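Q: I have a structure open and would like to go through some of its contacts and pairings. Can we take it one piece at a time?

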Amino acid sequence: MFKFDHIAVQKKIRAAFKQVANVLFTKNMVTFLSFLLLSALFWVMYNVGTRRVVEAEIPLRYIGVPNDILLTNELPAVLSVTIKDEGQVLMNYKLMADPDTLVVNVGQKIWSDNVLNIDYRAMTAAIRTRLPATSQIVALKPETATATFVRLEQQLKPVRFAEPIRLAPSYVFRDEPTVAPRMVEVFAPQNLLDTLDSVSVLLPDYEPLNKSVEWQCSLALIAGARFATPTVTVSVPVEMSTEKVIEVPVCGRHFPDSVMLRAFPAVVQVTASVGLSRFPLLTADDFEAVVDFADTKNSASYKLPVSVSTTNEYVHTFRYAPTEVEFLLEK
């Protein structure tokens with residue numbers, strides 16, 4: 001049976017390393033490596049101690065665009081700054097720098113003849129604060145930028161939900177969901193405003209609701225338009241629902257004054273689904289149970305269908321029984 005010899009393997013590995021060392025660490029090889037290391041050291045010292053030039057990129061963010069202005073072309077997103085300094089300073093800057101975004105307030109720039117002109121050279125002081133204190137700004141790229149724009153019209157538009165709000169089983173709205181403000185000022189070309197009926201709310205990702213919530217929601221973006229109010233407050237009051245059974249009298253509709261209706265039974269039982277807060281307020285007056293005189297002419301069984309309706313907006317669903325009653329007409 002084969003037996004693995006650990007000692008023999010270790011000896012072979014040591015012998016292999018010794019052969020490699022004999023090849024690499026000869027006198028000539030050591031001399032070559034020493035000169036290579038020395039050359040690299042001189043190169044680093046030369047670059048560190050010499051003034052050099054590098055390029056740094058500073059992100060740009062634009063603010064202050066008036067609501068009634070629409071830029072028709074993009075402004076530069078990055079400003080390239082050529083700086084000069086000692087090599088060590090530049091090396092540290094390139095390794096460590098995480099330049100802050102430079103905010104450009106275009107509301108303070110020159111707007112004329114449907115053209116916006118920006119001179120980045122005027123922002124040298126703000127740019128210098130993002131660079132090493134000893135660095136010299138050699139060049140900016142670009143030095144200036146130009147954007148064309150158009151003036152927008154404005155109108156108030158209602159804010160609406162783009163889709164129904166989902167509720168967990170056995171939960172209902174305590175009151176109607178609201179959005180504030182209900183109207184927002186929209187800035188857009190007139191032809192777009194003419195076709196825009198409303199502005200939609202973007203609801204956050206959510207599970208079907210089992211409690212009241214209040215969200216800060218964005219408005220759905222519309223190409224070529226902007227809003228004076230970028231966000232709205234959505235309030236959704238939610239509560240658990242329950243059922244209440246109410247007896248509602250059966251009434252006649254379209255019956256002549258000379259004819260009296262007697263219904264058997266004289267009431268129907270309505271089972272209504274309503275929020276807990278509305279339960280004690282729900283009464284028979286919130287419902288109407290009627291039979292129509294026209295149905296008496298086609299009734300061969302002395303029974304009339306009952307129709308039940310409600311004007312209470314807080315009743316979410318209801319059912320009733322019986323759905324038809326026997327009747328007797330008296331003159």
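Q: Which residues does Asn-312 touch, leaving out those up to four places away in sequence?
A: Asn-312 touches Leu-282 and Asp-286. Bear in mind that this is a predicted model.

Q: Where is Asn-312 in the chain?
A: Asn-312 lies in the loop that runs between β22 (307-310) and β23 (315-321).

Q: Buried or exposed, that Asn-312?
A: Asn-312 is buried, because its relative accessible area is 19% and the cut-off for buried is under 20%.

Q: New topic. How many salt bridges does the structure hold?
A: The structure holds 7 salt bridges. One of them joins Arg-151 to Asp-68, with the closest N and O atoms 3.7 Å apart.

Q: Where do Arg-151 and Asp-68 sit?
A: In distant parts of the chain, 83 residues apart. Arg-151 is in strand β8 (residues 144-151), while Asp-68 is in the loop between β1 (51-63) and β2 (69-71).

Q: And why would two side chains like that pair at all?
A: Side chains of opposite charge can pair when their charged atoms come close.

Q: Is Arg-151 buried or exposed?
A: Arg-151 counts as exposed, because its relative accessibility is 53% and exposed means over 50%. Asp-68 counts as partly exposed, at 25%.

Q: What about Glu-243 and Arg-319?
A: Their side chains meet in a salt bridge, 3.0 Å from N to O. This pair also links distant parts of the chain: Glu-243 is in strand β17 (residues 238-253) and Arg-319 in strand β23, 76 residues apart. Glu-243 is partly exposed, with a relative accessible area of 43%, and Arg-319 is partly exposed at 48%.

Q: Which residue does Arg-253 pair with?
A: Arg-253 forms a salt bridge with Glu-288, at 4.0 Å from N to O. Arg-253 is in strand β17 and Glu-288 in strand β20 (residues 287-292), 35 residues apart. For Arg-253 the relative accessible area is 34%, so Arg-253 is partly exposed; Glu-288, at 41%, is partly exposed as well.

Q: Which residues are linked in a network of salt bridges?
A: Asp-119, Arg-121 and Glu-143.

Q: On to sheets. What is the strand order in the open sheet of 3 strands?
A: The order is β18-β24-β21, and the pairing is antiparallel. The edge strands, each pairing on one side only, are β18 (260-264) and β21 (303-305). On average, neighbouring strands of this sheet are turned by 45° against each other, direction ignored.

Q: How many bridges between β21 and β24?
A: There are 3 bridges between β21 and strand β24 (residues 324-330), in the antiparallel sense. Leu-304 stands opposite Val-325 in β24.

Q: And aromatics, how many pairs?
A: The structure holds 4 aromatic pairs. In one of them, the rings of Tyr-206 and Trp-215 have centres 5.1 Å apart and planes at 45°, so that pair is tilted. Both Tyr-206 and Trp-215 are buried.

Q: What kind of pair do Phe-255 and Phe-293 form?
A: An edge-to-face one, with 5.1 Å centre to centre and 70° between the planes. Phe-255 is in the loop between β17 and β18, Phe-293 in the loop between β20 and β21, 38 residues apart. Phe-255 and Phe-293 are both buried.

Q: Last one: which charged end sits over the ring of Tyr-206?
A: That of Arg-166, 4.4 Å from the ring centre. Elsewhere, Lys-244 lies over the face of Phe-279, at 4.8 Å from the ring centre.

Technical notes: Residues are numbered from 1 along each chain as its sequence is written. This is a predicted model: local features need pLDDT of at least 70, side-chain atom pairs count only at pLDDT 80 or more; totals for chains, interfaces and linings use all residues. Side-chain values use heavy atoms; hydrogens and water are left out. Helices (H or I, at least four residues) and strands (E, at least two) are DSSP runs, numbered from the N terminus. Buried means under 20% relative accessible area, exposed over 50%, partly exposed in between (1.4 Å probe, protein chains only). Contact means heavy atoms within 4.5 Å. Two strands pair if DSSP finds at least two bridges between them. Axes are lines fitted to C-alpha atoms, for helices over the stretch in contact, and angles run from 0 to 180 degrees between N-to-C directions. Rings of Phe, Tyr and Trp (its six-membered ring) pair if their centres lie within 6.5 Å; planes under 30 degrees apart count as stacked, over 60 as edge-to-face and the rest as tilted. A charge sits over a ring if NZ of Lys or CZ of Arg is within 6 Å of the ring centre and within 35 degrees of the ring normal.
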